[in-house]
Amino acid sequence: MSFITSLSPEAVWSYFSDICQIPRPSKKEDKIIAYLIDFAEKHQLDYKKDAIGNIIISKKASTGMEHLKTVILQSHVDMVCEKNNDTVHNFDTDPIKPYIAGDWVKAEGTTLGADDGIGVAAELALLAADDISHGPIECLFTVDEETGLSGAFALQKDFMKGDILLNLDSEDEGELFIGCAGGIDTLIDFNYQSIDKKSGYLPFRILINGLKGGHSGGDIHLGLGNANKLLNRFLSDINKKTDLFLVSFDGGNLRNAIAREAEATILIPASFKEQLRIDLNIYIAVLEDEFKSIEPDLNLELESVASVSSSLTKEDTNKFLEMIDTCPHGVIAMSSNIEGLVETSTNLASVKFSSNNTIRITTSQRSSDEAAKEALKKEIVSVFTSENTQIMHSDGYPGWSPNLNSPILKIAEEAYERLFNTKPEVKAIHAGLECGLFLDKYPSLDMVSFGPTIYGAHSPDERINIKSVQKFWDYLLEVLVNVPEN
(Lines give C-alpha, C1' and ligand atoms only; values in the text may rest on other atoms or scores of the structure.)
Protein backbone atom coordinates (compact mmCIF):
# COMPACT_ATOMS: atom_id res chain seq x y z
CA MET A 1 0.00 0.00 0.00
CA SER A 2 2.92 2.36 0.68
CA PHE A 3 3.82 2.16 -3.01
CA ILE A 4 0.40 3.61 -3.89
CA THR A 5 0.70 6.56 -1.50
CA SER A 6 4.05 7.51 -3.01
CA LEU A 7 2.45 8.23 -6.37
CA SER A 8 1.55 11.73 -7.57
CA PRO A 9 -0.67 13.58 -6.80
CA GLU A 10 0.11 12.32 -3.33
CA ALA A 11 -3.08 13.55 -1.66
CA VAL A 12 -5.36 11.83 -4.20
CA TRP A 13 -3.51 8.51 -4.00
CA SER A 14 -3.39 8.71 -0.21
CA TYR A 15 -7.17 9.02 0.01
CA PHE A 16 -7.58 6.30 -2.61
CA SER A 17 -5.41 4.06 -0.43
CA ASP A 18 -7.71 4.80 2.51
CA ILE A 19 -10.77 3.99 0.42
CA CYS A 20 -9.29 0.64 -0.64
CA GLN A 21 -9.23 -0.35 3.03
CA ILE A 22 -12.97 0.20 3.39
CA PRO A 23 -15.38 -2.52 2.17
CA ARG A 24 -18.05 -0.81 0.07
CA PRO A 25 -20.18 -3.17 -2.00
CA SER A 26 -23.31 -1.68 -3.49
CA LYS A 27 -26.11 -1.46 -0.89
CA LYS A 28 -23.54 -2.05 1.87
CA GLU A 29 -21.91 1.38 2.02
CA ASP A 30 -22.26 1.96 5.78
CA LYS A 31 -18.49 1.89 6.40
CA ILE A 32 -17.61 4.39 3.66
CA ILE A 33 -20.50 6.64 4.74
CA ALA A 34 -19.17 6.63 8.31
CA TYR A 35 -15.70 7.43 6.96
CA LEU A 36 -17.02 10.43 5.01
CA ILE A 37 -18.90 11.79 8.03
CA ASP A 38 -15.80 11.40 10.18
CA PHE A 39 -13.77 13.18 7.48
CA ALA A 40 -16.20 16.12 7.39
CA GLU A 41 -16.21 16.47 11.17
CA LYS A 42 -12.41 16.20 11.37
CA HIS A 43 -12.02 19.01 8.80
CA GLN A 44 -14.87 21.09 10.30
CA LEU A 45 -16.86 21.04 7.09
CA ASP A 46 -20.63 21.25 6.81
CA TYR A 47 -22.29 18.04 5.66
CA LYS A 48 -25.66 16.40 5.45
CA LYS A 49 -26.87 12.86 4.79
CA ASP A 50 -30.20 11.92 3.29
CA ALA A 51 -32.39 8.94 4.12
CA ILE A 52 -30.78 6.56 1.63
CA GLY A 53 -27.20 7.47 2.56
CA ASN A 54 -26.11 10.09 0.01
CA ILE A 55 -23.65 12.54 1.56
CA ILE A 56 -22.94 16.12 0.58
CA ILE A 57 -19.96 17.94 2.08
CA SER A 58 -19.72 21.70 1.49
CA LYS A 59 -16.67 23.95 1.50
CA LYS A 60 -16.60 27.73 1.30
CA ALA A 61 -14.78 29.54 -1.46
CA SER A 62 -11.12 30.43 -1.18
CA THR A 63 -10.43 34.05 -0.31
CA GLY A 64 -11.12 36.19 -3.35
CA MET A 65 -13.10 33.45 -5.14
CA GLU A 66 -16.46 34.06 -3.48
CA HIS A 67 -17.87 35.59 -6.68
CA LEU A 68 -17.78 32.27 -8.58
CA LYS A 69 -20.80 30.02 -9.02
CA THR A 70 -21.15 27.05 -6.71
CA VAL A 71 -19.84 23.85 -8.30
CA ILE A 72 -21.05 20.36 -7.39
CA LEU A 73 -18.43 17.62 -7.70
CA GLN A 74 -20.01 14.17 -7.79
CA SER A 75 -18.79 10.57 -7.42
CA HIS A 76 -20.40 7.34 -6.25
CA VAL A 77 -19.01 5.52 -3.23
CA ASP A 78 -19.91 1.91 -4.05
CA MET A 79 -17.86 -0.44 -6.21
CA VAL A 80 -18.41 -3.47 -8.41
CA CYS A 81 -17.33 -6.60 -6.52
CA GLU A 82 -15.88 -9.14 -8.94
CA LYS A 83 -13.05 -11.60 -8.31
CA ASN A 84 -11.32 -14.46 -10.05
CA ASN A 85 -12.50 -17.93 -9.06
CA ASP A 86 -9.12 -18.78 -7.51
CA THR A 87 -9.04 -15.61 -5.39
CA VAL A 88 -10.13 -15.83 -1.76
CA HIS A 89 -11.75 -12.50 -0.92
CA ASN A 90 -14.79 -11.38 1.07
CA PHE A 91 -15.92 -8.00 -0.27
CA ASP A 92 -18.00 -7.40 2.86
CA THR A 93 -14.98 -7.52 5.17
CA ASP A 94 -11.68 -7.60 3.29
CA PRO A 95 -9.70 -4.62 1.98
CA ILE A 96 -8.79 -4.29 -1.68
CA LYS A 97 -5.09 -4.96 -2.30
CA PRO A 98 -3.79 -2.57 -4.95
CA TYR A 99 -0.37 -2.85 -6.53
CA ILE A 100 1.65 -1.07 -9.21
CA ALA A 101 1.98 -2.90 -12.54
CA GLY A 102 4.11 -0.76 -14.83
CA ASP A 103 2.11 2.36 -15.72
CA TRP A 104 -0.99 1.07 -13.97
CA VAL A 105 -2.46 0.35 -10.56
CA LYS A 106 -4.35 -2.94 -10.29
CA ALA A 107 -5.76 -5.12 -7.50
CA GLU A 108 -4.80 -8.64 -6.51
CA GLY A 109 -7.44 -10.88 -8.08
CA THR A 110 -10.37 -8.49 -7.64
CA THR A 111 -11.87 -5.35 -9.05
CA LEU A 112 -9.85 -2.32 -7.96
CA GLY A 113 -12.73 0.05 -7.23
CA ALA A 114 -11.12 2.95 -9.09
CA ASP A 115 -14.63 3.16 -10.53
CA ASP A 116 -15.42 5.43 -8.76
CA GLY A 117 -13.03 5.43 -5.81
CA ILE A 118 -10.63 7.72 -7.64
CA GLY A 119 -13.37 10.32 -8.03
CA VAL A 120 -14.15 10.09 -4.32
CA ALA A 121 -10.43 10.43 -3.53
CA ALA A 122 -10.10 13.54 -5.69
CA GLU A 123 -13.03 15.19 -3.93
CA LEU A 124 -11.59 14.41 -0.51
CA ALA A 125 -8.18 15.77 -1.51
CA LEU A 126 -9.84 18.99 -2.64
CA LEU A 127 -11.92 19.30 0.51
CA ALA A 128 -8.90 18.74 2.76
CA ALA A 129 -6.57 21.15 0.95
CA ASP A 130 -5.86 24.66 2.22
CA ASP A 131 -3.67 25.73 -0.70
CA ILE A 132 -6.01 25.25 -3.67
CA SER A 133 -8.04 28.09 -5.17
CA HIS A 134 -11.70 27.47 -5.91
CA GLY A 135 -15.14 28.96 -5.56
CA PRO A 136 -17.80 27.48 -3.27
CA ILE A 137 -18.05 23.72 -3.78
CA GLU A 138 -20.42 20.93 -2.82
CA CYS A 139 -19.03 17.40 -2.93
CA LEU A 140 -21.81 14.89 -3.53
CA PHE A 141 -21.16 11.22 -2.74
CA THR A 142 -23.95 8.94 -3.95
CA VAL A 143 -24.68 5.34 -2.96
CA ASP A 144 -25.61 2.24 -4.95
CA GLU A 145 -24.76 3.52 -8.40
CA GLU A 146 -23.61 0.16 -9.66
CA THR A 147 -26.67 -1.98 -8.95
CA GLY A 148 -29.57 0.34 -9.60
CA LEU A 149 -28.66 4.05 -9.28
CA SER A 150 -30.66 4.01 -6.05
CA GLY A 151 -28.83 6.97 -4.55
CA ALA A 152 -29.46 9.18 -7.57
CA PHE A 153 -33.08 8.03 -7.77
CA ALA A 154 -33.66 8.97 -4.12
CA LEU A 155 -31.92 12.36 -4.30
CA GLN A 156 -34.26 15.12 -3.11
CA LYS A 157 -34.73 18.29 -5.13
CA ASP A 158 -33.43 20.57 -2.38
CA PHE A 159 -30.34 18.52 -1.44
CA MET A 160 -27.91 20.44 -3.69
CA LYS A 161 -27.58 24.18 -4.24
CA GLY A 162 -25.01 24.42 -7.04
CA ASP A 163 -25.60 25.43 -10.64
CA ILE A 164 -22.79 23.40 -12.24
CA LEU A 165 -22.09 19.69 -11.79
CA LEU A 166 -18.80 17.98 -12.57
CA ASN A 167 -19.33 14.23 -12.66
CA LEU A 168 -16.02 12.46 -11.91
CA ASP A 169 -17.09 9.00 -13.08
CA SER A 170 -15.74 8.80 -16.63
CA GLU A 171 -12.92 6.49 -17.62
CA ASP A 172 -11.03 8.05 -20.53
CA GLU A 173 -8.62 10.92 -19.85
CA GLY A 174 -8.76 13.53 -22.58
CA GLU A 175 -12.44 12.93 -23.22
CA LEU A 176 -15.35 15.08 -22.01
CA PHE A 177 -18.72 13.41 -21.80
CA ILE A 178 -21.91 15.40 -22.25
CA GLY A 179 -24.48 12.63 -22.65
CA CYS A 180 -25.20 9.04 -21.71
CA ALA A 181 -27.60 6.22 -22.43
CA GLY A 182 -30.66 5.37 -20.41
CA GLY A 183 -31.28 1.81 -19.35
CA ILE A 184 -33.58 -0.82 -17.91
CA ASP A 185 -33.12 -4.35 -16.60
CA THR A 186 -35.30 -7.26 -17.66
CA LEU A 187 -35.30 -10.20 -15.26
CA ILE A 188 -36.75 -13.60 -16.06
CA ASP A 189 -37.62 -16.39 -13.63
CA PHE A 190 -37.88 -19.70 -15.45
CA ASN A 191 -39.64 -22.36 -13.39
CA TYR A 192 -38.57 -25.86 -14.36
CA GLN A 193 -39.55 -29.44 -13.53
CA SER A 194 -37.04 -31.95 -12.16
CA ILE A 195 -36.70 -35.65 -12.83
CA ASP A 196 -34.53 -38.28 -11.17
CA LYS A 197 -31.24 -39.10 -12.82
CA LYS A 198 -31.69 -41.49 -15.74
CA SER A 199 -29.76 -44.75 -15.66
CA GLY A 200 -27.09 -45.15 -18.33
CA TYR A 201 -26.26 -41.43 -18.26
CA LEU A 202 -23.03 -39.83 -17.03
CA PRO A 203 -22.67 -36.36 -15.44
CA PHE A 204 -20.07 -33.88 -16.67
CA ARG A 205 -19.14 -30.35 -15.65
CA ILE A 206 -18.16 -27.88 -18.35
CA LEU A 207 -16.45 -24.60 -17.42
CA ILE A 208 -15.56 -21.56 -19.48
CA ASN A 209 -13.32 -18.87 -17.99
CA GLY A 210 -10.40 -16.59 -18.84
CA LEU A 211 -12.64 -14.09 -20.63
CA LYS A 212 -11.99 -10.40 -20.06
CA GLY A 213 -15.51 -9.39 -19.10
CA GLY A 214 -15.84 -5.66 -18.64
CA HIS A 215 -18.45 -2.93 -18.49
CA SER A 216 -21.65 -3.77 -20.32
CA GLY A 217 -21.95 -0.17 -21.47
CA GLY A 218 -18.42 1.06 -22.05
CA ASP A 219 -17.05 -2.23 -23.42
CA ILE A 220 -20.05 -3.71 -25.22
CA HIS A 221 -18.76 -2.60 -28.64
CA LEU A 222 -15.47 -4.50 -28.28
CA GLY A 223 -16.97 -7.85 -29.24
CA LEU A 224 -15.82 -9.55 -26.04
CA GLY A 225 -16.97 -13.08 -25.33
CA ASN A 226 -20.02 -13.56 -23.13
CA ALA A 227 -19.51 -16.72 -21.07
CA ASN A 228 -23.25 -17.43 -20.86
CA LYS A 229 -23.71 -17.30 -24.60
CA LEU A 230 -20.56 -19.25 -25.45
CA LEU A 231 -21.25 -22.07 -22.99
CA ASN A 232 -24.86 -22.33 -24.06
CA ARG A 233 -23.77 -22.44 -27.69
CA PHE A 234 -21.75 -25.58 -27.01
CA LEU A 235 -24.54 -27.20 -25.00
CA SER A 236 -27.06 -26.46 -27.74
CA ASP A 237 -24.81 -28.08 -30.33
CA ILE A 238 -24.40 -31.20 -28.17
CA ASN A 239 -28.13 -31.28 -27.53
CA LYS A 240 -28.71 -31.63 -31.27
CA LYS A 241 -26.45 -34.68 -31.40
CA THR A 242 -27.49 -36.63 -28.33
CA ASP A 243 -29.95 -36.87 -25.45
CA LEU A 244 -28.66 -34.10 -23.14
CA PHE A 245 -30.22 -33.23 -19.78
CA LEU A 246 -29.25 -30.05 -17.97
CA VAL A 247 -28.49 -30.35 -14.25
CA SER A 248 -27.33 -26.80 -13.51
CA PHE A 249 -26.04 -23.62 -15.14
CA ASP A 250 -24.28 -20.74 -13.38
CA GLY A 251 -22.81 -17.81 -15.28
CA GLY A 252 -22.04 -14.14 -14.79
CA ASN A 253 -22.81 -12.06 -11.73
CA LEU A 254 -23.67 -8.40 -12.24
CA ARG A 255 -26.26 -6.71 -14.43
CA ASN A 256 -23.70 -4.20 -15.74
CA ALA A 257 -20.82 -6.60 -16.36
CA ILE A 258 -20.24 -8.86 -19.36
CA ALA A 259 -20.16 -12.45 -18.08
CA ARG A 260 -16.56 -13.68 -17.75
CA GLU A 261 -17.14 -17.18 -16.40
CA ALA A 262 -19.86 -19.81 -16.60
CA GLU A 263 -20.23 -23.47 -15.79
CA ALA A 264 -22.84 -26.13 -16.39
CA THR A 265 -23.42 -29.69 -15.27
CA ILE A 266 -25.07 -32.00 -17.77
CA LEU A 267 -26.12 -35.62 -18.18
CA ILE A 268 -25.38 -37.44 -21.44
CA PRO A 269 -25.62 -41.08 -22.50
CA ALA A 270 -22.54 -43.04 -21.43
CA SER A 271 -22.01 -44.02 -25.06
CA PHE A 272 -21.47 -40.35 -26.00
CA LYS A 273 -18.65 -39.81 -23.48
CA GLU A 274 -15.72 -39.89 -25.90
CA GLN A 275 -17.55 -37.90 -28.54
CA LEU A 276 -18.25 -35.15 -25.98
CA ARG A 277 -14.52 -34.70 -25.40
CA ILE A 278 -13.84 -34.67 -29.14
CA ASP A 279 -16.57 -32.08 -29.74
CA LEU A 280 -15.26 -29.89 -26.91
CA ASN A 281 -11.76 -29.89 -28.41
CA ILE A 282 -13.21 -28.90 -31.77
CA TYR A 283 -15.24 -26.14 -30.14
CA ILE A 284 -12.18 -24.83 -28.30
CA ALA A 285 -10.34 -24.56 -31.62
CA VAL A 286 -13.30 -22.73 -33.16
CA LEU A 287 -13.46 -20.21 -30.31
CA GLU A 288 -9.70 -19.69 -30.26
CA ASP A 289 -9.85 -18.76 -33.93
CA GLU A 290 -12.99 -16.64 -33.48
CA PHE A 291 -11.62 -14.68 -30.50
CA LYS A 292 -7.85 -14.92 -31.08
CA SER A 293 -7.30 -11.17 -31.10
CA ILE A 294 -9.86 -10.36 -28.41
CA GLU A 295 -9.85 -13.13 -25.80
CA PRO A 296 -6.35 -14.67 -25.74
CA ASP A 297 -6.88 -16.32 -22.33
CA LEU A 298 -10.19 -18.01 -23.14
CA ASN A 299 -10.32 -21.45 -21.53
CA LEU A 300 -12.78 -24.38 -21.56
CA GLU A 301 -12.58 -27.41 -19.31
CA LEU A 302 -14.48 -30.68 -19.09
CA GLU A 303 -14.48 -32.96 -16.07
CA SER A 304 -16.44 -35.92 -14.79
CA VAL A 305 -18.76 -35.41 -11.83
CA ALA A 306 -19.08 -38.05 -9.13
CA SER A 307 -22.86 -38.12 -9.08
CA VAL A 308 -26.03 -36.08 -9.47
CA SER A 309 -29.49 -36.92 -8.22
CA SER A 310 -31.71 -35.09 -10.69
CA SER A 311 -31.88 -32.87 -13.76
CA LEU A 312 -34.31 -30.72 -15.68
CA THR A 313 -36.84 -32.58 -17.76
CA LYS A 314 -35.99 -32.95 -21.42
CA GLU A 315 -38.68 -30.42 -22.33
CA ASP A 316 -37.32 -27.82 -19.90
CA THR A 317 -33.72 -28.52 -20.91
CA ASN A 318 -34.65 -27.82 -24.52
CA LYS A 319 -36.63 -24.71 -23.58
CA PHE A 320 -33.81 -23.26 -21.46
CA LEU A 321 -31.15 -23.82 -24.13
CA GLU A 322 -33.41 -22.31 -26.78
CA MET A 323 -34.14 -19.20 -24.69
CA ILE A 324 -30.47 -18.47 -23.96
CA ASP A 325 -29.57 -19.23 -27.57
CA THR A 326 -32.11 -16.76 -28.98
CA CYS A 327 -31.61 -14.07 -26.34
CA PRO A 328 -29.76 -11.19 -28.06
CA HIS A 329 -26.52 -9.89 -26.60
CA GLY A 330 -24.27 -7.06 -27.72
CA VAL A 331 -24.63 -3.99 -29.92
CA ILE A 332 -28.03 -3.64 -31.54
CA ALA A 333 -27.60 -0.23 -33.23
CA MET A 334 -25.03 2.54 -33.60
CA SER A 335 -25.90 6.22 -33.28
CA SER A 336 -26.68 8.08 -36.48
CA ASN A 337 -25.86 11.41 -34.80
CA ILE A 338 -22.52 10.78 -33.06
CA GLU A 339 -19.89 8.79 -34.94
CA GLY A 340 -18.67 5.70 -33.10
CA LEU A 341 -21.30 5.86 -30.34
CA VAL A 342 -23.32 2.76 -29.55
CA GLU A 343 -26.98 3.77 -29.51
CA THR A 344 -28.64 0.56 -28.34
CA SER A 345 -27.34 -2.64 -26.74
CA THR A 346 -28.32 -5.49 -24.47
CA ASN A 347 -26.32 -7.64 -22.05
CA LEU A 348 -27.13 -11.23 -21.07
CA ALA A 349 -25.64 -10.59 -17.68
CA SER A 350 -26.24 -13.63 -15.49
CA VAL A 351 -27.91 -17.02 -15.23
CA LYS A 352 -28.42 -18.41 -11.73
CA PHE A 353 -30.08 -21.65 -10.60
CA SER A 354 -31.85 -21.57 -7.23
CA SER A 355 -32.87 -24.36 -4.87
CA ASN A 356 -36.59 -23.95 -5.59
CA ASN A 357 -36.51 -25.11 -9.22
CA THR A 358 -36.19 -21.56 -10.54
CA ILE A 359 -33.59 -20.09 -12.87
CA ARG A 360 -33.09 -16.30 -12.65
CA ILE A 361 -31.89 -14.79 -15.93
CA THR A 362 -30.79 -11.15 -15.75
CA THR A 363 -30.50 -8.97 -18.83
CA SER A 364 -29.82 -5.24 -19.18
CA GLN A 365 -30.89 -2.96 -22.04
CA ARG A 366 -29.35 0.44 -22.81
CA SER A 367 -30.12 3.10 -25.37
CA SER A 368 -29.77 6.82 -25.94
CA ASP A 369 -33.09 6.56 -27.81
CA GLU A 370 -36.01 5.94 -25.46
CA ALA A 371 -38.17 4.37 -28.17
CA ALA A 372 -35.36 2.00 -29.15
CA LYS A 373 -34.89 1.00 -25.51
CA GLU A 374 -38.58 0.16 -25.18
CA ALA A 375 -38.57 -1.80 -28.44
CA LEU A 376 -35.56 -3.83 -27.30
CA LYS A 377 -37.21 -4.52 -23.95
CA LYS A 378 -40.24 -5.93 -25.78
CA GLU A 379 -37.96 -8.11 -27.92
CA ILE A 380 -36.36 -9.59 -24.81
CA VAL A 381 -39.83 -10.26 -23.39
CA SER A 382 -40.85 -12.09 -26.56
CA VAL A 383 -37.83 -14.40 -26.28
CA PHE A 384 -38.69 -15.50 -22.76
CA THR A 385 -42.49 -15.47 -22.74
CA SER A 386 -43.91 -18.89 -21.92
CA GLU A 387 -46.28 -20.52 -19.47
CA ASN A 388 -43.50 -21.19 -16.95
CA THR A 389 -41.70 -17.83 -16.92
CA GLN A 390 -42.28 -14.65 -14.95
CA ILE A 391 -40.82 -11.46 -16.42
CA MET A 392 -40.01 -8.36 -14.37
CA HIS A 393 -38.47 -4.99 -15.17
CA SER A 394 -36.48 -2.54 -13.08
CA ASP A 395 -37.66 1.05 -12.85
CA GLY A 396 -35.11 2.03 -15.47
CA TYR A 397 -33.29 5.33 -15.66
CA PRO A 398 -33.27 8.22 -18.14
CA GLY A 399 -30.50 9.14 -20.52
CA TRP A 400 -28.68 12.46 -20.58
CA SER A 401 -29.16 14.35 -23.83
CA PRO A 402 -26.04 16.18 -25.06
CA ASN A 403 -26.01 19.99 -24.93
CA LEU A 404 -23.31 21.27 -27.26
CA ASN A 405 -24.05 24.84 -26.15
CA SER A 406 -23.30 24.11 -22.48
CA PRO A 407 -21.31 26.95 -20.83
CA ILE A 408 -19.36 24.55 -18.60
CA LEU A 409 -18.49 22.46 -21.66
CA LYS A 410 -16.92 25.52 -23.32
CA ILE A 411 -14.97 26.28 -20.14
CA ALA A 412 -13.87 22.65 -19.84
CA GLU A 413 -12.72 22.51 -23.47
CA GLU A 414 -10.71 25.72 -23.15
CA ALA A 415 -9.15 24.61 -19.85
CA TYR A 416 -7.96 21.33 -21.35
CA GLU A 417 -6.47 22.97 -24.43
CA ARG A 418 -4.77 25.59 -22.26
CA LEU A 419 -3.18 22.96 -20.01
CA PHE A 420 -2.22 20.28 -22.52
CA ASN A 421 -2.00 22.12 -25.87
CA THR A 422 -4.49 19.77 -27.49
CA LYS A 423 -8.25 19.66 -27.77
CA PRO A 424 -10.22 17.15 -25.73
CA GLU A 425 -12.68 14.86 -27.46
CA VAL A 426 -16.30 15.69 -26.70
CA LYS A 427 -18.44 12.58 -26.55
CA ALA A 428 -21.55 10.91 -25.30
CA ILE A 429 -21.15 7.56 -23.54
CA HIS A 430 -23.16 4.38 -23.90
CA ALA A 431 -22.69 3.54 -20.24
CA GLY A 432 -25.18 4.93 -17.76
CA LEU A 433 -24.25 7.91 -15.63
CA GLU A 434 -26.19 9.40 -12.76
CA CYS A 435 -26.35 12.69 -14.67
CA GLY A 436 -29.63 11.83 -16.37
CA LEU A 437 -31.32 11.43 -12.99
CA PHE A 438 -29.73 14.62 -11.66
CA LEU A 439 -31.03 16.55 -14.64
CA ASP A 440 -34.49 15.11 -14.10
CA LYS A 441 -34.56 16.58 -10.58
CA TYR A 442 -32.49 19.72 -11.28
CA PRO A 443 -33.39 20.75 -14.87
CA SER A 444 -31.17 23.85 -14.83
CA LEU A 445 -27.94 22.00 -14.01
CA ASP A 446 -25.05 22.53 -16.42
CA MET A 447 -23.01 19.31 -16.46
CA VAL A 448 -19.91 17.66 -17.86
CA SER A 449 -18.24 14.38 -16.95
CA PHE A 450 -14.53 13.49 -17.02
CA GLY A 451 -11.99 11.31 -15.26
CA PRO A 452 -8.66 9.48 -15.55
CA THR A 453 -8.11 6.44 -17.75
CA ILE A 454 -9.54 3.20 -16.36
CA TYR A 455 -9.54 -0.05 -18.32
CA GLY A 456 -11.36 -3.28 -17.52
CA ALA A 457 -13.90 -1.71 -15.16
CA HIS A 458 -16.27 -4.22 -13.57
CA SER A 459 -13.74 -7.05 -13.93
CA PRO A 460 -10.69 -8.24 -11.96
CA ASP A 461 -8.58 -6.78 -14.76
CA GLU A 462 -9.67 -3.27 -13.72
CA ARG A 463 -6.69 -0.92 -13.78
CA ILE A 464 -6.09 2.82 -13.63
CA ASN A 465 -3.36 4.64 -15.51
CA ILE A 466 -1.03 6.40 -13.07
CA LYS A 467 -0.05 9.35 -15.27
CA SER A 468 -3.65 10.03 -16.21
CA VAL A 469 -4.54 10.59 -12.55
CA GLN A 470 -2.09 13.51 -12.36
CA LYS A 471 -3.56 15.00 -15.55
CA PHE A 472 -7.10 14.48 -14.22
CA TRP A 473 -6.20 16.28 -10.97
CA ASP A 474 -4.46 19.20 -12.68
CA TYR A 475 -7.35 19.54 -15.07
CA LEU A 476 -9.98 19.49 -12.32
CA LEU A 477 -8.23 22.37 -10.54
CA GLU A 478 -7.97 24.34 -13.78
CA VAL A 479 -11.68 23.98 -14.47
CA LEU A 480 -12.59 25.06 -10.93
CA VAL A 481 -10.77 28.40 -11.13
CA ASN A 482 -12.45 29.23 -14.44
CA VAL A 483 -16.12 28.63 -13.64
CA PRO A 484 -18.49 31.55 -14.37
CA GLU A 485 -19.26 34.27 -11.89
CA ASN A 486 -22.59 34.47 -10.12
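The crossing of helices α4 and α12 is right-handed, a crossing being called right-handed if the near helix is turned clockwise from the far one by less than a right angle, and left-handed if anticlockwise. Helix α4 covers residues 114-128 and helix α12 residues 466-480, and their axes come within 12 Å and cross at roughly 50°; axes here are lines fitted to C-alpha atoms, for helices over the stretch in contact, and angles run from 0 to 180 degrees between N-to-C directions. The two helices α4 and α12 are therefore oblique to each other, given that angles under 35 degrees count as roughly parallel, over 145 as roughly antiparallel, 65 to 115 as roughly perpendicular and the rest as oblique. On the α4 side the contact is made by Ile118, Ala122, Ala125 and Leu126, and on the α12 side by Val469, Phe472, Trp473, Leu476, Leu477 and Leu480, where contact means heavy atoms within 4.5 Å. These contact residues of α4 and α12 divide into 10 nonpolar, no polar and no charged; Ala, Val, Leu, Ile, Met, Phe, Trp, Tyr, Cys and Pro count as nonpolar, Asp, Glu, Lys and Arg as charged, and the others, Gly among them, as polar.

The model is a predicted one, in which local features need pLDDT of at least 70 and side-chain atom pairs count only at pLDDT 80 or more, while totals for chains, interfaces and linings use all residues. Residues are numbered from 1 along each chain as its sequence is written, and side-chain values use heavy atoms, with hydrogens and water left out. Helices (H or I, at least four residues) and strands (E, at least two) are DSSP runs, numbered from the N terminus.

Helix α4 also packs against helix α2 (residues 10-20), at an angle of about 125° and with the axes 8 Å apart, and α2 and α4 are therefore oblique to each other. Their crossing is right-handed. From α2, Ala11, Val12, Tyr15, Phe16 and Ile19 meet a set of α4 residues that includes Ala114, Gly117, Val120, Ala121, Leu124 and Ala128. Ile118, Ala122 and Ala125 of α4 belong to the contact with α2 and are also listed in the contact with α12. The residues joining α2 to α4 divide into 13 nonpolar, 1 polar and no charged.

What is the make-up of the contact of α6 with α8 in nonpolar, polar and charged residues? Helix α6 (residues 227-241) and helix α8 (residues 314-326) pack at an angle of about 135°, with their axes 9 Å apart, and that makes α6 oblique to α8. This crossing is left-handed. Asn228, Lys229, Asn232, Leu235, Ser236 and Asn239 in α6 meet Lys314, Asn318, Phe320, Leu321, Ile324, Asp325 and Thr326 in α8, a group that divides into 4 nonpolar, 6 polar and 3 charged.

Turning to the strands, β18 (residues 358-367) is mostly covered, with 9 of its 10 residues buried, where buried means under 20% relative accessible area, exposed over 50%, and partly exposed in between (1.4 Å probe, protein chains only). Two strands pair if DSSP finds at least two bridges between them. Strand β9 (residues 182-191) pairs with β18 in the antiparallel sense over 10 bridges, and Thr186 stands opposite Thr363 of β18. Strand β17 (residues 342-353) is likewise paired with β18 in the antiparallel sense, over 9 bridges, and Asn347 has Ser364 of β18 as its bridge partner. The hairpin of β17 and β18 has 4 residues between the strands, and in this hairpin Asn357 takes a positive phi near 60°.

With a relative accessible area of 14%, Arg255 is buried, and its C-alpha atom is separated by 6.5 Å from that of Thr363, 108 residues apart along the chain. Leaving aside neighbours within four places in sequence, the contacts of Arg255 include Glu146, Asp185, Asn347, Thr362, Ser364 and Tyr397.

Asn209, in strand β11 (residues 201-209), also counts as buried, at 15% relative accessibility. Not counting residues up to four places away in sequence, Asn209 touches Arg260, Glu261, Asp297, Leu298 and Asn299.

Finally, an open sheet of 4 strands has the order β4-β5-β23-β22, with antiparallel pairing. Its edge strands, each pairing on one side only, are β4 (98-101) and β22 (454-455). Strand β22 pairs with β23 (residues 463-465) in the antiparallel sense over 2 bridges, and the partner of Ile454 in β23 is Ile464.
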